[in-house]
Amino acid sequence: MALLVALGTGVGVGLPLALRSGSSLQERLIAAQNILAQVPLIDGHNDMPWNIRKFAGGKLNTLRALETGLQHQDPWSKSAWSHTDLPRLREGRVGAQFWAAYVPCGAQYLDAVKQTLEQIDLIKRMVDRYSDYLRLAVDAKGIEESHQEGRIASLLGVEGGHSLGNSLGVLRTYYDLGIRYVTLTHTCNTPWADCSIAEADPHHPREGGLTHFGKLVIKEMNRLGVIVDLSHASSATMHHALDASRAPVIFSHSSTRALCNITRNVPDEVLKRLVKLFSLIFACFYESVVSCARRSWAYRFIPHINHIRRVAGIDHVGIGAGYDGINTTPQGLEDVSKYPYLFAELLQDPTWTEEDLRKLAGLNFLRVFRQVEKVREDLRRANALADETSITNEELKGQLQCIYQERSAVQSVVT
Ligand SMILES: *[C@@H]1O[C@H](CO)[C@@H](O)[C@H](O)[C@H]1NC(C)=O
């Protein structure tokens, strides 16, 4: 507690660069807290809403531990997947959080849209109930206002195009409910977009990236002001989305293939293209995409941040830890209370100026979000109409066939 009080008093006092070499961890933590008081720390991806559904049936009314500390409450305390609650978010100086309205790929063609609506409802009820801590944000201005008020801006993202039910009407309705990014795929193809798993497996059915309808999804997202999120997409999907989008895109939680060569990560050719649209990668902490291993090492993801910086530039990197959707975390960054330690660590590296760290924390994403809003306004002024196209039977057919094959294979095993 004494440490927290000490940290809280340093607001606005920058740590001169000269003090850095040989500075103690405590001095650097104070400097990190100062930076996160000046600009909101905006994290691109957190899966706690799914854990509330999984562990508590989506029932918030009896989940008081969200405010008193989930690390003392069964089954959260025993789960490797739980790293988030309200006091720890505050302790970690989180300024804005994208909450994932995620539902599993198994719900595709079944009740994915219903489950997604329930997750949106859950996030909104959480924000409502804990309004001392949280405030709903749907634009860049809302993030800055929340930060000034000392509340955590809560933004909504849908993780996985399967949640759209192949419908632009559903996409528009999500926007109206406050959704501000859609991850094009999770770990399954949709009938209009390939996921990273399809790229890894030569026998996996594939569309070759985005289909015609997939490109219309991108255009409609641009028109609405929904950010295109390419985490989990195949590289062909990444390239097609970069070709089709007028607005910046993001990777809400990804690492780099140069340092861990799996298809879940981003190749250098794509990193280089982020400059053009002023796009952004929120770097992920997950060990299996950071080090290609399941072992936890301290700060092994920092080389990924530095690689993105080298290839794409300092303006194109942020943090999307992926807490509550990962089951291993780097040593020293075990939960959401630990973000200042990451900044304290980077402060030891003289190539990171305080302005660079402000960009990493939040300035880069605020710029991305404002540009997405500007593209939306430009299209509105040009009277761009809502797209009323339906997905074609042709596009649906291949996918449905493969789903039916999978299901009948499962059935024949079961029976
Ligand atoms: C990653 O692996 C793929 C497939 O084996 C290969 O084509 C590619 O060159 C590798 N990329 C890097 C950065 O090592």
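Mentor: What follows looks at the cysteines and then at a pair of packed helices.

This is a predicted model, in which local features need pLDDT of at least 70 and side-chain atom pairs count only at pLDDT 80 or more, while totals for chains, interfaces and linings use all residues. Residues are numbered from 1 along each chain as its sequence is written, and side-chain values use heavy atoms, with hydrogens and water left out.

A disulfide is taken here as a pair of cysteine sulfur atoms within 2.5 Å, and a search of the whole structure under that criterion finds 1. The partners are Cys105 and Cys188, whose sulfur atoms lie 2.1 Å apart, and the link between Cys105 and Cys188 is left-handed, with -80° about the S-S bond. Cys105 sits in the loop between strand S2 (94-102) and helix H6 (112-129), and Cys188 in the loop between strand S5 (179-183) and helix H9 (196-200), so the pair ties together parts that are 83 residues apart in sequence. The helices named here are DSSP runs of H or I with at least four residues, and the strands are runs of E with at least two, numbered from the N terminus.

Both partners are buried, a term that means under 20% relative accessible area, as against over 50% for exposed and partly exposed in between, with a 1.4 Å probe and protein chains only. For Cys105 the relative accessible area is 17%, and for Cys188 the relative accessibility is 12%. Cys195 is also buried, at 0%, but its sulfur is 6.5 Å from the closest cysteine sulfur, that of Cys188, which is too far for a bond. Cys284 counts as buried as well, with 3% relative accessibility.

Turning to the helices, H8 (residues 168-177) and H10 (residues 212-224) pack at an angle of about 25°, and their axes are 11 Å apart. The axes are lines fitted to C-alpha atoms, for helices over the stretch in contact, and the angles run from 0 to 180 degrees between N-to-C directions. H8 and H10 are therefore roughly parallel to each other, since angles under 35 degrees count as such. On the H8 side, Leu168, Leu171, Arg172 and Tyr175 meet residues of H10 that include Phe213, Leu216, Val217 and Glu220, where contact means heavy atoms within 4.5 Å.

Note on methods:
Parallel < 35°, antiparallel > 145°, perpendicular 65-115°, else oblique.
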